[in-house]
Amino acid sequence: MPIAPHRLLGFAFASADLLVELGGANKIQFAIGAVGVIAAAGERDLIGRSLLEFVDPRDQPLVAALMSGAADGCRQGPVVARLGGVHPEGPRAFAISVCKLAQNEGSISCALARSAPPLIGSGPGGLHDRQEFEAVTRTLFDTARTTGEALELSFVEMEGLGKAAATLTDESQKRFRNHIAGAIRAQSHGGAAAAQVGDERYVLVRAAGESTEALVHRLERLMALTAELGEVKPGARSMALKGEASPSQVVRALRYALDDFIEGGVAGVAAPLSLQDAVSDSVRHTLKKASVLGAAVAEGRFKLVFQPVVTLKTGLLHHHEVLVRFGEHQSPFPMIRMAEELDLIEELDLAVVERAASEIETDPKLKLAVNVSGRTITSPGFIAKVTQLVKGQAGLGGRLMFEITESATIDDLGLADRNIQALRGLGCLVCLDDFGAGAASLAYLQQLSFDIVKIDGSYIRELQHGGRESTFLRHLVRMCAELKVKTVAEMVENAAAEEAVRRAGIEFGQGYFYGAPTERPGLPADRSGPLAARRTGAVESWG
């Protein structure tokens with residue numbers, strides 16, 4: 001029995017608000033349904049216009065990649081894209097699925113439905129950073145266990161990407177990166193579950209069922225559409241996100257798999273790989289690391305490096321931040337994160353404080369700031385040991401600062417504030433580190449009393465270009481001044497950045513412009529102008 005056209009249309013509208021057909025250059029050649037999903041115009045007014053005209057420029061590479069990746073007989077999506085323009089009711093978005101049939105002579109059929117705006121990443125082209133991606137993946141995994149949806153984690157390596165990008169101008173490189181981001185996002189769950197974790201390495205969550213070879217083939221076709229990307233060769237492996245793992249096991253397994261991928265690329269990800277395999281491997285890996293880390297902390301097998309912090313008004317050295325390092329040229333982040341997960345962070349923080357106190361005792365001019373985890377600051381035992389240390393070493397309180405990090409959430413703000421005030425009562429300054437990097441920063445500033453706020457480097461990098469970051473920082477600095485809280489700008493990398501933070505009213509600066517972390521406290525000997533005083537060892541008062 002033949003199916004009437006109106007019945008097919010009914011089935012289509014059961015899952016979409018608007019149906020459109022696209023011809024060359026993504027121009028709409030047919031539209032029916034609720035045009036208001038993308039525009040205020042009528043159906044006829046859409047004809048001849050590119051669908052991309054209605055998409056927020058930040059999501060145009062995503063939608064363009066979805067269209068370009070459509071192959072005969074295959075359905076792609078849905079992905080969620082933001083609408084362009086300003087809307088009185090707030091940001092708007094739509095979900096779009098596409099299908100390309102050979103008998104339609106190259107036209108692309110699209111089903112669009114109203115949607116809530118997606119949770120876009122903070123990286124280039126809307127990609128997530130690693131921390132954001134871990135949170136997104138855990139949420140998707142939890143939801144999939146309820147809905148029964150089958151998902152997988154795909155690791156994508158774009159061999160030759162760095163070499164190709166190095167030959168481009170800044171503007172071309174930006175378009176190049178956006179094209180890559182759009183291509184990767186278009187393969188991910190909802191278009192918003194993808195991250196860049198290395199120069200040539202990406203990771204995404206997508207619906208299970210399609211082979212990894214098909215994913216690679218589609219990415220190859222998308223790369224071939226841009227001349228500069230013709231030499232980029234994608235490779236991929238996938239891991240099924242299913243099993244009876246607990247949320248904490250999922251997080252550890254994900255981190256373990258990502259660590260392997262970041263270190264060794266696609267070849268470093270064991271195959272075949274399932275979530276259960278990753279959980280088992282991560283347990284063995286974690287226990288081994290825990291043993292190594294515990295011994296390193298207990299035996300003091302780590303080193304400290306020191307980065308200067310200067311007073312912007314005078315150019316004089318104010319103090320050094322103490323940074324911990326395990327091994328040669330290794331980022332401390334994985335070890336610190338593991339220390340928090342395995343409840344070893346308090347022991348590590350205390351060991352660093354004790355080592356810093358020893359450094360201070362050897363140099364009467366030295367003033368040091370040490371990092372303290374959000375978990376450690378709520379520990380009465382830590383405060384008791386620091387109190388004993390400070391009272392037992394003359395002048396230590398006036399030369400030791402604590403920077404409270406957001407690497408772990410502070411669960412009990414009342415207890416944390418009491419402990420912070422205890423440290424301040426010893427004569428120690430207390431700083432909120434990386435303000436703006438975490439969602440809880442404003443709550444911490446509202447409910448905890450600090451002497452100093454250190455502004456996250458992501459704001460400082462953009463400050464010299466003006467715009468929203470300048471407005472945000474001016475208001476933040478003014479608010480801190482009213483609270484009698486001083487401010488530090490981190491990641492001051494050049495004279496232009498220094499001038500920008502000085503104009504913003506920030507008191508202190510830290511970054512490679514003043515010196516990289518070194519094994520001994522000090523300042524570069526080749527500085528000139530007002531900074532020359534540092535060569536004589538001149539320092540400013542602590543307060």
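Guide: The protein chain has an accessible surface of about 25,400 Å², and carbon and sulfur atoms hold 53% of this area; such areas come from the Shrake-Rupley method with a 1.4 Å probe, and for residues only the protein chains shown count as cover. The model is predicted, so local features require pLDDT of at least 70 and side-chain atom pairs pLDDT 80 or more, whereas totals for chains, interfaces and linings use all residues. Residues are numbered from 1 along each chain as its sequence is written, and side-chain values use heavy atoms, without hydrogens and water.

Of the 543 residues in the chain, 48% are buried; buried denotes under 20% relative accessible area, exposed over 50%, and partly exposed the range in between (1.4 Å probe, protein chains only). The chain contains 17 helices and 18 strands, which are DSSP runs numbered from the N terminus (helices: H or I, at least four residues; strands: E, at least two).

Two strands count as paired if DSSP finds at least two bridges between them. Strands E15 (residues 429–435) and E16 (residues 452–455) run parallel and are joined by three bridges; Cys431 has Ile452 in E16 as its bridge partner.

Strand E18 (residues 508–510) includes Gln510. Is this residue buried or exposed? Gln510 counts as buried because its relative accessible area is 3%. Beyond its neighbours within four places in sequence, the contacts of Gln510 include Gln307, Pro308, Val309, Glu321, Lys454 and Val492, where contact means heavy atoms within 4.5 Å. Val492 is 18 residues from Gln510 in sequence, with a C-alpha to C-alpha distance of 5.8 Å. Across the chain, 66% of the contacts with a separation of 6 or more join residues 24 or more positions apart.
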